[in-house]
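Subject: Structure handover

Hello,

Here is the structure you asked for, with notes on what turned up in it. Please look through the notes with the model open.

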Amino acid sequence: MSSARTPVRPLGTGEDSERRVSSPFLSSSRSLLQPADSRRQESAAGSTGNVNVQILAAIKSLQEQVADLQAKSTQPAASSIEQCAVSKKAPKELLTSIHSVVRHLRERLDAPMQWDTSSGFSSPENMRVTSEIVTACVNEKYPASVVQKATKKYFTTLKRRSRLQTNNKLPDARKKQRRLQRKHHKLQNRKVALSGSTTLTQEQKEKFFSILRIEYMSSEESAEESGEDEHMGERLKVLLIHTLPWRNPSVNEMFQSLDRKSARKRTSRAAEMCRKRCRASATEPSSPSGFTAKPPPSCPAWAKVSDC
């Protein structure tokens with residue numbers, strides 16, 4: 001009697017085999033059975049892909065930066081023109097060119113030309129000189145309108161200087177200008193010292209910044225301007241400080257503190273060139289021009305003495 005045998009299905013066929021092949025366990029096992037070189041190649045390929053992505057991102061960032069720089073580089077001429085139009089002072093480079101051309105026109109051997117300061121700027125003779133100057137100084141950076149404006153300002157300066165010289169007032173005007181320049185220089189130094197102060201709060205800084213202006217500055221008069229020119233055969237390099245009588249003592253102390261901080265930052269060379277300063281007595285008969293005996297109308301109450 002023969003018994004019926006159940007047919008045996010070969011491995012790897014049928015639904016069960018498909019489920020076994022697709023199971024995560026067999027997938028991970030198969031990956032472990034792969035040769036080591038194959039696994040390293042796949043890992044290297046993944047790393048290379050990440051590196052390529054980073055390189056492409058870096059290239060894109062650099063391209064954007066280059067495009068931004070190129071866009072900015074096309075604007076310097078326009079910005080220079082706008083700055084000349086807005087600023088009250090002409091650029092130093094332009095002024096140097098104008099002065100050089102004026103000197104050349106005055107000193108040239110064939111048909112020298114120079115302004116007639118006794119006439120107006122728009123006189124025919126002066127306009128011919130101005131035309132020569134503008135033609136020589138105009139370039140891509142400074143158009144004719146900017147050069148014309150700077151040239152007119154220089155003519156006005158020469159005209160004023162000539163008038164002062166004619167009236168024998170040029171020495172006094174120069175002394176006044178030197179005093180004003182010293183004030184501006186000291187004012188700038190005080191602003192820098194106040195900004196860098198670490199002992200004052202921001203509120204205190206803002207408070208003192210409100211009075212860091214020319215009208216709150218003491219006037220300084222050099223010894224030679226006071227008639228004390230010589231001492232034992234040498235010029236006295238001394239500045240007499242005329243303290244404003246209406247200024248509050250606390251403001252005086254703060255200003256002196258800022259001056260000391262500024263002095264500590266001077267180089268040895270700058271310290272040697274700096275004039276010695278001493279305070280004039282309260283009964284000093286002569287006060288320099290521009291000395292204000294009364295506080296400005298906008299002076300806050302804390303910045304002046306109570307009886308002012």
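Helix α10 contributes the most residues to the lining of the largest cavity, namely 4. Helices and strands are DSSP runs numbered from the N terminus (helices H or I, at least four residues; strands E, at least two). This is a predicted model, in which local features need pLDDT of at least 70 and side-chain atom pairs count only at pLDDT 80 or more, while totals for chains, interfaces and linings use all residues. Residues are numbered from 1 along each chain as its sequence is written, and side-chain values use heavy atoms, with hydrogens and water left out.

Cavity

The structure has 1 cavity of 30 Å³ or more. A cavity here is a set of points, on a 1 Å grid over the protein atoms alone, where a 1.4 Å probe fits but cannot get out; lining residues have an atom within 4 Å of a point. Points are joined across faces, edges and corners, and the volume is the space filled by probe spheres set on them. On that basis the largest cavity holds about 50 Å³.

Two helices, α8 (170–195) and α10 (249–264), each supply at least two lining residues. The lining consists of Lys186, Arg190, Ser218, Ile241, Arg247, Asn252, Phe255, Gln256, Asp259 and Arg279. By class these are 5 charged, 3 polar and 2 nonpolar residues (nonpolar: Ala, Val, Leu, Ile, Met, Phe, Trp, Tyr, Cys and Pro; charged: Asp, Glu, Lys and Arg; polar: the others, Gly among them).

Salt bridges

The whole structure contains 3 salt bridges (a side-chain nitrogen of Lys or Arg within 4 Å of a carboxyl oxygen of Asp or Glu).

Two of the lining residues, Arg190 and Asp259, form one of these bridges, with their closest N and O atoms 2.9 Å apart. The pair links helix α8, which holds Arg190, to helix α10, which holds Asp259, across 69 residues of chain. Arg190 counts as buried because its relative accessibility is 5%, whereas Asp259, at 21%, is partly exposed. The cut-offs are under 20% relative accessible area for buried, over 50% for exposed, and partly exposed in between (1.4 Å probe, protein chains only).

Glu93 and Lys141 form another bridge, at 3.4 Å from N to O. Glu93 is in helix α5 (92–107) and Lys141 is in the loop between α6 (124–137) and α7 (144–166), so this pair ties together parts 48 residues apart in sequence. Glu93 is partly exposed at 47%, and Lys141 is partly exposed at 34%.

Arg213 and Glu215 also meet in a salt bridge, 2.9 Å from N to O. Arg213 is partly exposed at 31%, and Glu215 is partly exposed at 32%.

Ile214

Ile214 sits in the loop between α9 (202–209) and β1 (219–222) and is partly exposed, with a relative accessibility of 23%. What does Ile214 contact, apart from its neighbours within four places in sequence? The contacts (heavy atoms within 4.5 Å) are Lys183, His184 and Leu187.

Cysteines

The search for disulfides (pairs of cysteine sulfur atoms within 2.5 Å) returned 0 for the whole structure. Cys137 is buried at 6% relative accessibility, and Cys299 is buried at 7%.

Regards

Methods: 1 Å grid on protein atoms, 1.4 Å probe; cavity = no way out; pocket = protein on both sides within 12 Å on 5 of 7 lines; lining within 4 Å.
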